[in-house]
Structures are given as structure tokens and as C-alpha cells.
Amino acid sequence: MPSVRSERRHQSIPFWRRARRIFLLAAIACLVPATISYVRAMGEKHNVGLGVRSVEWLRQNGGNSLVSEIENWYYTLNAPEKGGPGLRSLPQVGVASAGEEARGRTGEAYQPPDVKPLIQPALPGEGLWKKAAAKAGTRPPVLLTTFRSDPEYPQFVAGVAWIDSSRTRLAYVPGLAEPPPPLAHRGPAEVPEAKRGRVVATFNGGFPLETSNAGLIYRGKVREAMVDGVATVVEYRDGRVDVIPWHQGPGAPANVWFAKQNLPPIIEGGRLSPKLSDGPEWGETVNNAVRVWRSGVGVDSHGNLLYAAADFQTVESLAKILQRAGAVRALELDINEDWTSFISYRHPGAGEPSNLLPEMLRPPERYLTPDERDFFAVYLRPGERW
Amino acid sequence: MRLPREISAGAASRRRLLADMSIAIAIAVLASLLAAGVGVVAFLALPTLLVLLSWITIEAVVRGVRRRSARSAQAARVAER
């Protein structure tokens, strides 16, 4: 028979205390599968910090819109103010000093016109193409330039690279985790040792497949069904490269070697997309108008590739940078400082790698070790020499 | 089968704990089914766990301090007599 004291204690436990215990136990129960998943994910091979990996894990496990909301909030709070003192010099890019830039090239090969500076007076070397590699000859495969991209924000500097498609081939290189398994012929997730003698540049890919809701063709086979209307970097089996809005259905056309899709086009027919300022159009990512590191790739009217990246960009301002550099079709690639990289190699054998902009967070050796994300590598075509 | 009505305080406590655990597991299963993924569940569960643990810890500390001060006051009263 229970004692009076124990009976009293039995009745005296307040409801809120039991509710608290229930929620505590529920939280523990919820965290068990999450902890197993998290520990497993952190145990895999990575080349990014724990914080970035944790955010990526959250994104991959249903928290994509949550992370995007937090990012939007954070970047909006830390948005730069207009105006401020102007710059006195630009970061040095390439190997040629100002005045000795690519203009000295001879022959009948196409030469891109220098980028006309937006802000006057122009700074030394602003908008002038420079060779990315030493001893690149009279037809350098990669040219680099920087210019101030927005008169309202005179401290913002955009970095742009021009890649001669007649001398180079573009390769899509899968990363360690992106695209996610299964993927046949994933490769080493870095510039392969055998190809380092020909690599002239590498740059970041697009959004992960999970967040872009777009397609991927790799080595001629569909990894993720292609989506009509989405902007696509495509390489054909004959080596031609293009940036196009996709209208060929979900399958892989016989002449396509790889095709990587990412969001709707930002430039079509030399004009900015009229929908650039509409949030939903660019998917469930950081809002279009939020100023973050952004990157994009396009083609000029001669079919050469143009890559651009800069901090504090909106989708629209990024598109304007590419348009100013001569892009007639373009798409946005990956965003945020953790993922934006353009690296040129100054010497054969991936020697002396150099970031397009000194502010780029990831080291220039990023793609010489296995990387988390997919990326693009630019190789000299067979028969082409440094 | 009917559970015995007359039970000890310990047995009643264990029975309550079992009931609470069952409810907690049901809540966890429901949350996992409704949420978009384990990441979101963890994002909500972790702060909940930290807040509740902090609450319980603070409560225990306050209770301990009160008990000690009550004991020392009682000891002082006994000493005065």
C-alpha cells in the first residue's frame, strides 16, 4: 500500500514539469538520427572547414530554404553603403605589367577589345587585358582584367577572364560530393596529374544539383534530367563550347559531351534578362538582390568564354559586368566566398597558380587537391603550346 | 490486463517516465515525418535541448542554494536556542 507521503508526491508533480520532460526527451530522440547523419557526413573526405561543412549538411538535409533565409538576413544586415572614397589602384592581375598588356599580340587571331572603364578617370590598367601566363606567346589562351564595376560603389572591383576557345578545351570535373553519388567516372576531384601540363585555368561550377533543380550531362550521359529553359554550359563532342538556354528536352543529345545547367540565363542575345530583379525566378537560393560574392560565365560574339567574379554583387550587377566585358550569353555560377574561385596557372605543370582577385577566399591551389564541389578546367588543345 | 492501482511511489514514477518517453518518441517521429529532413529537425531540436537543459540546471542550482541557505538558517536558529 502506498504511503500518504508518496501518494502526495505522485499527485504534486506539476503539469509543466512533465511537459518539459517530454519535450526534452523528444529533442533527444530527434537528435539521435541527426547526429548519426552529421557524424557520418563530417567523416567523409572534405577540403572545407567544419562550419561550411555543417551548413552544407544542413542544406542537404532539408534546410536549404532555412540556410538561404539566414544568409539573406545576414547579408542584408551587412550590406555595403553606397559611396565612400574611391580606389587609387587596382589589384594586379596577370603577368604583363600595365602598358605591356595583350595589345602587343600579333597575327590574325581574334583579340577582345579592352573593357571600357565605368568610372572616370580610369585607374592604371583598368579594363586592359593582360596575359594570365608567362611565356604565353603572341596568342595567350587566357587574358585577365579588373575594373570598377559600379559607379555607386567605387570600391567594388570585378575580375574578368577571357578564354580563347580556339586554343583551349573546357572540361567539367566532378567534385568529391558534387554531383552527389552515384556517378560513373567521377575522377580524382582535382586537376588530374596527367593533365597538369596543359591546364591554363580552373574555375568554380554552379549550384549543387539539389539546390539548382537543374540538369547535368556528364561524359555524354544524363546524370540529372535536363530542364528546358535553364541556362547551360555545354561542350560538344567536337570541342566547341557554348552557353545556351536549353531547349532539347531531358535527354542527352548525341553531340553533347557535357552540359551543366544553372538557373535561368542572365544574358541572352547581348541583353540582360528582364527578370533579373525578380526573386523567385532564380530559385531557392540567396535572394537576387543580396550583395555577395557572385560568379558567372558567358560567351562573347566569337564563341570565347568569359568568366567574371566579384564581391558585393547582385545577379543584375554580375550580369552587367559580363555584358560590359562582351558576353552575349551568360549564366550565373556559384556564389558566396567559399565557392567562388578563378585560378590561372602562370607556368606549365600547374605552376604558380594565382587567384583572379586577391580577395578570393579559397587558396590558388584549391583545384590541385580534391575539392568538394564540381568545377571547370581549361586545358590547351592538343598541338597548342605555351 | 489491468495495471495495479496501488503502486509504490517508485513504480508510479517509472510508469510516468514510460508514458512521457512514449509521448516524446511519438513527437519525434511526427516531427521527422513533417520536417523536410533531419537537418531541420536538428536545427530546432538542438536549441530546444540546450534551453531545457539550461532551465533544469539553473533550477537545480537555485534549489540547492535555497536548501543550503535554509539549512544554515535552521542551524543558526538551533545554535541561538
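Chain B of this predicted model has a radius of gyration of 21 Å, whereas a compact globule of 81 residues would have one near 12 Å. The C-alpha trace of chain B spans about 65 × 40 × 10 Å along its principal axes. Its secondary structure consists of 2 helices and 0 strands. Of the 81 residues in chain B, 11% are buried.

Chain A can be followed through its backbone geometry. Most peptide bonds are trans, and most residues other than glycine have a negative phi. Against that background, two peptide bonds and two residues deserve a look.

The bond from Gln120(A) to Pro121(A) is cis, its omega being near 0°. Pro121(A) sits in the loop that runs between helix H3 (50-77) and strand S1 (130-131) of chain A. A cis bond also joins Pro181(A) to Pro182(A), again with omega near 0°. Here the loop in question, the one holding Pro182(A), lies between strand S4 (168-173) and strand S5 (199-204) of chain A.

The two residues with positive phi come next. Asn213(A), which is not glycine, has a phi near 50°. This residue belongs to the loop between helix H4 (209-212) and strand S6 (216-218) of chain A. Asn213(A) counts as partly exposed because it has 14 C-beta neighbours inside 10 Å, a count between the limits of 12 or fewer for exposed and 20 or more for buried.

Arg219(A), likewise a residue other than glycine, has a positive phi near 55°. It is placed in the loop between S6 and strand S7 (221-224) of chain A. With 14 other C-beta atoms within 10 Å, Arg219(A) is therefore partly exposed.

Methods
Residues are numbered from 1 along each chain as its sequence is written. Chains are lettered from A and ligands numbered from 1 in the order in which they are written. This is a predicted model: local features need pLDDT of at least 70, side-chain atom pairs count only at pLDDT 80 or more; totals for chains, interfaces and linings use all residues. Helices (H or I, at least four residues) and strands (E, at least two) are DSSP runs, numbered from the N terminus. The radius of gyration is taken over C-alpha atoms; the globule rule is 2.2 Å times the number of residues to the power 0.38.
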